[in-house]
Amino acid sequence: MKQYDFLILGAGIFGITTAIELCKKKYAVGIINPDTIPHPLAESTDISKIIRIEYGTDEEYMDMAAECITIWREWNQFFSDKLYHETGFLLLTNTPLDTESKSFEASSYYNLLKKGFHPERVKPEDLAKRFPAINHHLYADGFYHAVGGYAESGRVVETLTKYAIRLGADVYEGQTAEEIIITNFKVEGVKTREGKKFSAGQVIVCAGNLTPFLVPDLKPYMKITGHPVFHIKPGRPELFTKPGFSVFAADISNTGWYGFPLHPKEKIVKIANHGISVEIKDPEHDERVVYEKDIDRLKKFLKESIPALASDPIVYTRRCCYTDTLDGHFWIDNHPEIRGLTIGSGGSGHGFKMGPVLGEMIAAVAEGGTHKWSSRYRWRHIDGKIKIQEEARFKEK
């Protein structure tokens with residue numbers, strides 16, 4: 001069996017972008033993935049993921065996301081394929097942006113202005129004219145930012161995988177990492193459930209929901225949460241296309257609801273919730289179904305906010321599983337005691353949009369270096385009482 005400089009466990013957005021960066025540096029890189037790529041249960045696997053800059057008061061995340069959008073545009077050109085759709089992002093709020101509350105929307109709006117962007121304020125009367133499918137009576141304020149949109153996430157992972165292979169990576173589908181082989185606190189390789197052994201000088205765990213199971217030291221700091229996703233077949237599709245509809249967030253920190261315009265290929269409108277969740281104890285075997293109460297919540301939201309969709313059929317549901325760190329930040333670092341073991345995980349529901357910088361960050365850390373943003377995501381002790389810090393995340397009471 002070939003000896004790899006780096007063996008990457010998982011070919012989602014974390015793993016495949018890391019492989020690309022390491023291949024560019026001429027390392028021998030192997031990637032193993034438990035199923036096909038994209039994995040049918042992976043967080044990366046879906047028809048769309050939001051690409052946005054808005055992060056409330058968190059300016060570092062805003063800067064990271066802004067850099068990523070530049071690269072998303074470059075990827076469209078480089079791959080001659082429209083993987084990223086810049087539809088803009090509409091953020092709606094039940095409170096005026098000028099109040100003292102400093103909501104997620106208000107903080108995002110004023111930080112965008114501070115950084116030289118040009119978000120457009122959207123009052124109820126503007127909402128009625130520009131985005132007629134949305135109930136303008138429900139929202140007191142908001143803004144539309146033309147920079148942002150969504151990426152076709154499953155196709156992105158497929159495209160990046162093909163690119164990694166062209167750069168020299170060896171990709172092994174259907175190989176489930178079961179044991180990281182460690183001798184004298186030094187990584188030697190990986191054994192798979194399917195009976196193969198892969199030898200490597202360094203192992204990078206980008207295994208999403210399986211990360212804390214492969215590296216049990218992380219179990220106190222990570223949990224898996226499943227969030228409902230719905231695909232709806234609109235009876236009036238013309239209402240849900242650009243410019244009259246865009247990616248949107250509906251007072252998201254207080255409701256969790258967000259959604260997408262009509263998908264160009266699937267011809268559905270996707271609506272999901274960033275916060276209403278169930279904890280997944282066993283990501284391989286626990287059911288990932290959407291429950292009747294989730295559907296009831298969706299219908300209530302649609303009836304109030306997007307009445308034109310309220311009676312349309314739900315044609316597909318899934319439960320998107322986040323790999324949550326307790327503080328909601330990435331976990332990108334070398335293991336403090338085991339040489340040659342690196343972690344690239346902790347998407348916490350916002351990993352995909354950061355894909356263009358995640359790979360270079362994980363690769364730099366795995367090589368023993370640093371990255372301009374890596375210090376925040378180092379190996380750390382998190383008190384179990386800490387809450388997820390992302391301001392857009394709806395926190396159920």
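Trainee: Where is His335 found?

Mentor: His335 sits in the loop that links strand S19 (331-334) and strand S20 (341-345). Keep in mind that this is a predicted model.

Trainee: Why does His335 count as buried?

Mentor: Buried means under 20% relative accessible area. His335 has 7% relative accessibility, so His335 counts as buried.

Trainee: And which residues is His335 in contact with, leaving aside its neighbours within four places in sequence?

Mentor: Those are Val215, Asp217, Leu341 and Trp379.

Trainee: On to strand S5. Why is S5 said to be largely enclosed by the rest of the structure?

Mentor: Count its residues, 89-93: five of the five are buried, so S5 is largely enclosed. Both faces are covered, with Phe89, Leu91 and Thr93 buried on one side and Leu90 and Leu92 buried on the other.

Trainee: How do you know that S5 pairs with strand S7?

Mentor: Pairing takes at least two bridges, and five bridges join S5 to S7 (residues 141-145), with the two running antiparallel. One example is Phe89, whose bridge partner in S7 is His145.

Trainee: In which sense does S5 pair with strand S14?

Mentor: Parallel, over four bridges, with S14 covering residues 247-250. Leu90 has Phe248 as its bridge partner there.

Trainee: Now the helices. What makes H1 and H5 roughly parallel?

Mentor: H1 (residues 13-24) and H5 (residues 153-166) pack at an angle of about 25°, their axes 9 Å apart. Angles under 35 degrees count as roughly parallel, and H1 and H5 are therefore roughly parallel to each other. The crossing of H1 past H5 is left-handed.

Trainee: Last one: what makes helix H3 mostly covered?

Mentor: Of the eleven residues in H3 (residues 104-114), eight are buried, including Phe104, Tyr109 and Leu112. The buried residues of H3 pack against helix H2 (59-78), S5, strand S6 (120-121), S7 and helix H7 (252-255). So S5 turns up again here, as one of the elements that H3's buried residues pack against, and S5 is itself largely enclosed.

Technical notes
Residues numbered from 1 in each chain as written. Predicted model: local features only at pLDDT ≥ 70, side-chain atom pairs only at ≥ 80, totals over all residues. Heavy atoms only, no water. Buried < 20%, exposed > 50% of the residue type's maximum accessible area, 1.4 Å probe, protein only. Contact = heavy atoms within 4.5 Å. Axes fitted to C-alpha atoms, helices over the stretch in contact; angles between N-to-C directions. Parallel < 35°, antiparallel > 145°, perpendicular 65-115°, else oblique. Left-handed = near helix turned anticlockwise from the far one by under 90°.
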